[in-house]
Amino acid sequence: MANAAEEIDAVVVGAGFSGLYMLHKLREKGLSVKVFEAGAGIGGTWYWNTYPGARCDVESMDYSYSFDPELEQEWEWTEKYPGQPEILSYLQHVADRHDLRKDVILETRVTHATFDERTSRWTVRTDQGHEVSAQYCVMATGCLSQPKFPEVPGLETFAGPWYHTGLWPKEGVDFSGRRVGVIGTGSSGIQVIPFVADEAADLTVFQRTPNYVLASFNGPIDQDRVRDTKANYPQAREAARQSIFGIAVDMPTQSALEVSDEERREVYQRGWERGHLNAILQAYTDLIFNEESNETAAAFIRDQVHARVNDPATAAKLEPRGYPYGTKRPCLDTRYYETFNRDNVHLVDLREEALVEITESGVRTTAGDYAFDTLVIATGFDAMTGAIQNIDITGKDGVSVRDKWQDGPDTYLGLALAGFPNLFVITGPGSPSVLSNMIVSIEQHVEWISDLVGYMSANGHSVIEAEAAAEKEWTEHVRAVGDMTLFTKADSYYIGANVPGKARVLMPYVGGVAGYRQKCEEVASAGYAGFELK
Ligand code: FAD
Ligand code: N01
């Protein structure tokens, strides 16, 4: 345990991709750093989400750090889309390679961070009794790290075991011979369901909103792709940085409505066969802006559901409808739809019979009771703001982040908050964040923050704070760009709709990774325009 009020240069909260790289970069600048991590291991998302089937849906060659050129040459990914164990062992390897573990304090949750206006330092306290005073405080707390539970009563009364996908037990779960209920059909649900179905005697899936699920065509990594990428990694990384979603794709030039039905279908079919998150979404210029265009892609995906599910009535329930394609996070699957062809798998449509409560014996809907031995809760996360608001963060004038964000998370560039000097957020609301390949966004934020720290010490500054006017202007820009798209048409976690009472505001910046990056670079080269430095 650290000494009381130990003085260090920086505290980083969280030891996932963000926190580990932030530690590395701040150390390079000569800072003393401590990382606090609530989990018993490093890895963040890839430490917590150990449910069977957990994997990434950005290709492994792209979902990896670019900062260590030797590492990206040496590391051998085995699959097109790596599974959770492989990503976790990659992160563990990075931590060992850069000797990061010695500054990470595990099983320790930060509870309070308080800015002292007299000393211009942050006092950070943990649930293990640490009290640390630091010049900088970086929230690397993750956008999808605060689990969210179903809003119906009774989970605590359920007699059998239950498991949230984001808090999965490390020893695994044996479903054999059990009657299992799964609530939720987002990315986590669609990944875990086929594996539960393999083992369970009987599986019932409770679906509220059907998702647009594309086939991943996952498999052993293509060695030609590995050779090509490794031969051109700097260019490939730069192409990702200069893209919209942090994944390089050929940019479309036409509207979906400019081409014939036949041509469009061929393009969607080719996109489908690539097994790639954005191959269809970025096939035309206007799929995310124009409902009529979007519907052409949505209809194509619905047809694929019918092609994969034998029972037409079940396929009809699984068809994504009622919101534009891409406005909730689309999914890539392995065997998801085919799972509904099994005799031991049943689908309950919660739009026909709403969830009422969880009982001692199972799940009650408006249509009746379902009995289970085990429940899997795949209801997602209080995304983007949940983990930050879970900490008592108090800035100038005693204002807390919780108060400040009551009507939505205002930030400057998704990186800083007016009234909270020397506090930074990695992939915060107002940055591309969850709408991007997050490793590209994480690296950009970490490097921007560490450059800023270098600039401050080179210029004799010790305090930096986002100006309220710059924050307001950026927040308005984020919302204005969002309003040009279809993103606000779906009840997604992007707009906070999955958490009752949360402000309904589009949180990630939809202006694209490349444009956003340019804006951050312009701010830095103008001597950190929009910030006050002291
Ligand atoms: P995290 O990995 O979430 O790490 C944050 C850490 O902070 C956690 O370990 C948490 O315990 C810790 N923490 C939070 N609050 C506190 C506190 N108060 N005190 C101490 N510690 C705290 N993104 C993609 O781009 N592509 C993908 O394919 C993809 N797949 C995903 C699959 C799953 C199952 C999930 C859940 C997310 C996925 N993501 C994906 C998003 C993923 O979260 C990011 O890619 C990335 O791993 C985030 O890294 P991070 O370090 O920012 O946050
Ligand atoms: O969470 P989600 P997730 N009653 O919010 C349902 C990343 N990720 O953990 O849509 C009944 O997407 C909810 O229904 P609805 C990725 O960024 C990536 O699956 O709100 N149902 C939905 O079906 C992803 O987007 C991978 O109507 C309730 C589900 O639960 C993010 O993490 C894998 C309910 C929640 O879906 C989160 O994914 C896993 C209620 N009260 C995660 N509350 C990859 O493949 C919620 N639901 C890369």
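Is Glu-117 buried, exposed or partly exposed? Glu-117 is partly exposed, because its relative accessible area is 43%, and the cut-offs are under 20% for buried and over 50% for exposed. The model discussed here is predicted.

## Surroundings of Glu-117

Glu-117 sits in the loop that runs between strand S4 (110-116) and strand S5 (121-126). Apart from neighbours within four places in sequence, Glu-117 is in contact with Lys-396 and Asp-397.

A polar atom of the Glu-117 side chain lies 2.7 Å from the backbone nitrogen of Asp-397. The C-alpha atoms of Glu-117 and Gly-398 are separated by 9.8 Å, although these residues are 281 residues apart along the chain.

## Salt bridges

Side chains of opposite charge can pair when their charged atoms come close. The model has 40 salt bridges by the rule applied. One of them joins Lys-25 and Glu-28, with the closest N and O atoms 3.1 Å apart. Both residues belong to helix H1 (residues 17-28), and they are 3 residues apart, about one turn of the helix. Lys-25 is buried, with a relative accessible area of 17%, while Glu-28 is exposed at 52%.

Asp-68, Glu-70, Glu-74 and Arg-97 are linked in a network of salt bridges.

## Pairs between distant parts of the chain

A salt bridge also forms between Arg-225 and Glu-59, where the closest N and O atoms are 3.0 Å apart. Arg-225 is in helix H6 (residues 223-231) and Glu-59 is in the loop between helix H2 (45-48) and helix H3 (69-74), so this pair ties together parts that are 166 residues apart in sequence. Arg-225 is partly exposed, with a relative accessible area of 23%. Glu-59 is buried, with a relative accessible area of 14%.

Glu-72 and Arg-237 meet through their side chains in a salt bridge of 2.9 Å, N to O. This pair links distant parts of the chain, 165 residues apart: Glu-72 is in helix H3 and Arg-237 in helix H7 (residues 233-241). Both Glu-72 and Arg-237 are buried.

## Arg-241 in helix H7

Helix H7 also contains Arg-241. The side chains of Arg-241 and Glu-238 are joined by a polar contact of 2.9 Å.

With neighbours within four places in sequence left aside, the residues in contact with Arg-241 are Ser-66, Val-440, Val-513, Ala-514 and Arg-517.

## The site of ligand 1

Around ligand 1 there are 33 residues, of which Ser-18, Glu-37, Thr-45, Asp-57 and Tyr-63 come nearest. By class, this shell around ligand 1 has 17 nonpolar, 12 polar and 4 charged residues. H2 gives the most to the shell, with 3 residues.

Several side chains place polar atoms by the ligand's oxygen atoms. An N or O atom in the side chain of Thr-45 is 2.7 Å from an oxygen atom of ligand 1. For Trp-46, a polar side-chain atom lies 3.4 Å from an oxygen atom of the ligand. The side chain of Trp-48 has an N or O atom 3.0 Å from an oxygen atom of ligand 1. Ligand 1 taken alone exposes 980 Å², and the protein buries 95% of that. The elements that give two or more residues to the shell are H1, H2 and helix H14 (438-458).

## The site of ligand 2

Ligand 2 is surrounded by 26 residues, and the closest are Glu-151, Ser-188, Thr-209, Lys-328 and Tyr-493. The shell around ligand 2 divides into 10 nonpolar, 9 polar and 7 charged residues. Helix H5 (residues 187-199) supplies the largest share of this shell, 3 residues.

A polar backbone atom of Arg-55 is 3.4 Å from an oxygen atom of ligand 2. A nitrogen atom of ligand 2 has a polar side-chain atom of Lys-148 at 2.9 Å. Thr-209 has a polar side-chain atom 2.5 Å from an oxygen atom of ligand 2. Taken alone, ligand 2 exposes 910 Å², of which the protein buries 90%.

Methods:
Residues numbered from 1 in each chain as written. Chains lettered and ligands numbered in written order. Predicted model: local features only at pLDDT ≥ 70, side-chain atom pairs only at ≥ 80, totals over all residues. Heavy atoms only, no water. Salt bridge = Lys/Arg side-chain N within 4 Å of Asp/Glu carboxyl O. Helix = DSSP H or I, 4+ residues; strand = E, 2+ residues; numbered from the N terminus. Buried < 20%, exposed > 50% of the residue type's maximum accessible area, 1.4 Å probe, protein only. Near = heavy atom within 4 Å. Polar contact = N/O pair within 3.5 Å; in protein donor to acceptor, adjacent residues only side chain to side chain. Areas by Shrake-Rupley, 256 points an atom, 1.4 Å probe, with all protein chains shown as cover. Nonpolar A, V, L, I, M, F, W, Y, C, P; charged D, E, K, R; others polar. Contact = heavy atoms within 4.5 Å.
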